[in-house]
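Thanks for coming. I have one structure to go through today, so please look at the screen.

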Amino acid sequence: MKKIALEEHFISPGLIEYWQPTMTDVPKPIYDKIHAALTDFGDMRLSSMDGAGIEKAILSIAGPGVQVEPDAARATAKAAEANDFLANVTSARPDRYLGFAHIALQDPQAAARELERCVRDLGFKGAMINGNSMGAYLDERQFDPFWAKAEELQAPIYLHPADPVQPYASFGSYKELTRATWGWGVETGTHALRMIFGGVFDRFPGALLMLGHLGETLPYLLWRFDSRAKLYGVTLKRQPSEYIKDNIAVTVSGMFSAEPLNCAVAALGGSRVMFSADYPFESAAEAGHFMDDVSLDEALREDICWRNAARILNIPMQG
Ligand code: ZN
């Protein structure tokens, strides 16, 4: 079945310096392969998309990008440069490639302006933020201008995993529990919960957050969030689960497994779950085959593969 994929990565020359340190443990041949995939916008990427039935990919940088740049002015300039790079890629193949903006939040007013430029002038579909920005999280009031702009533009903000500020003490020497195994889920799920409990969606009820990995375990925990919010006297306008259902949409990136997919659909509804591969860190072929073969009602499969993304991101599609 044809698909729209939302978490598909590339790297631009100006952002390699931030991405490379995340690859220090990776053997050279694998690094070279990933690097080649991230910098290719021709046959390699397109044939991988074709093999998975991906008609359109929304491209975003491989993190962490300028989220880890200490100099705010440099971060803002380098993000704009990466967005211009991506605009050249998407305008060369508008039939296959769309874009998520890369945004430096270190200067929140400049972040709002760059989001507006990317959505209005470059035609991007929203933005992807790679975790905390030098230890700052998206619930902080300094980011209200950014959320106000995202809400005004109806631009979804995709929160991508990144490493926590400090390694979790509880992980001890279990390095294998960090990153994609468990650590990124804890960090990214916590970041999303900070937004909910911090009232971001009370202040900006029209804002839409996107999470990969079928919601970073949040769909599994709805009852518990609501139960404890009551117990701890949380004063939000709504129950935590209601924000998760109404202000968050999720993708299957890097979670090609029926049980969490069924949980996300049951918790959030079939209109809030979308396809993604997480190219080139996951196999697009594996993602595509999973989505084509997993036991699902066929109308729901179509919704997850492309209809939901086309509706939410306003992407014209045939059929
Ligand atoms: Zn990713």
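Which residue is the bridge partner of Val 250 in strand 9? It is Val 273. Before going on, note that this is a predicted model.

Strand 8 covers residues 248-251, and its pairing with strand 9 is parallel, over 2 bridges. Both belong to an open sheet of 6 strands with parallel pairing, in the order 4-5-6-7-8-9. At the edges of this sheet are strand 4, residues 101-102, and strand 9, residues 273-274, and each of them pairs on one side only.

Next, helix 11, residues 240-247. Which of its residues are buried? They are Pro 240, Ser 241, Tyr 243, Ile 244 and Asn 247. Looking down the axis of helix 11, the buried residues lie within an arc of 165 degrees, so they line one face of the helix.

What covers them? Among the elements that do so are strand 7 (209-211) and strand 8. The cover also includes helix 7 (183-197), helix 8 (200-203), helix 10 (222-231) and helix 12 (258-268).

Last, strand 1, residues 3-10. Why can we call strand 1 largely enclosed by the rest of the structure? Because 8 of its 8 residues are buried, and buried here means under 20% relative accessible area. Strand 1 pairs with strand 2, residues 54-61, in the parallel sense, over 6 bridges. Within that pairing, Ala 5 has Ala 57 of strand 2 as its bridge partner.

That is my last item.

How values were computed:
Residues are numbered from 1 along each chain as its sequence is written. This is a predicted model: local features need pLDDT of at least 70, side-chain atom pairs count only at pLDDT 80 or more; totals for chains, interfaces and linings use all residues. Side-chain values use heavy atoms; hydrogens and water are left out. Two strands pair if DSSP finds at least two bridges between them. Helices (H or I, at least four residues) and strands (E, at least two) are DSSP runs, numbered from the N terminus. Buried means under 20% relative accessible area, exposed over 50%, partly exposed in between (1.4 Å probe, protein chains only). The arc is that of the directions from the helix axis to the C-beta atoms. Contact means heavy atoms within 4.5 Å.
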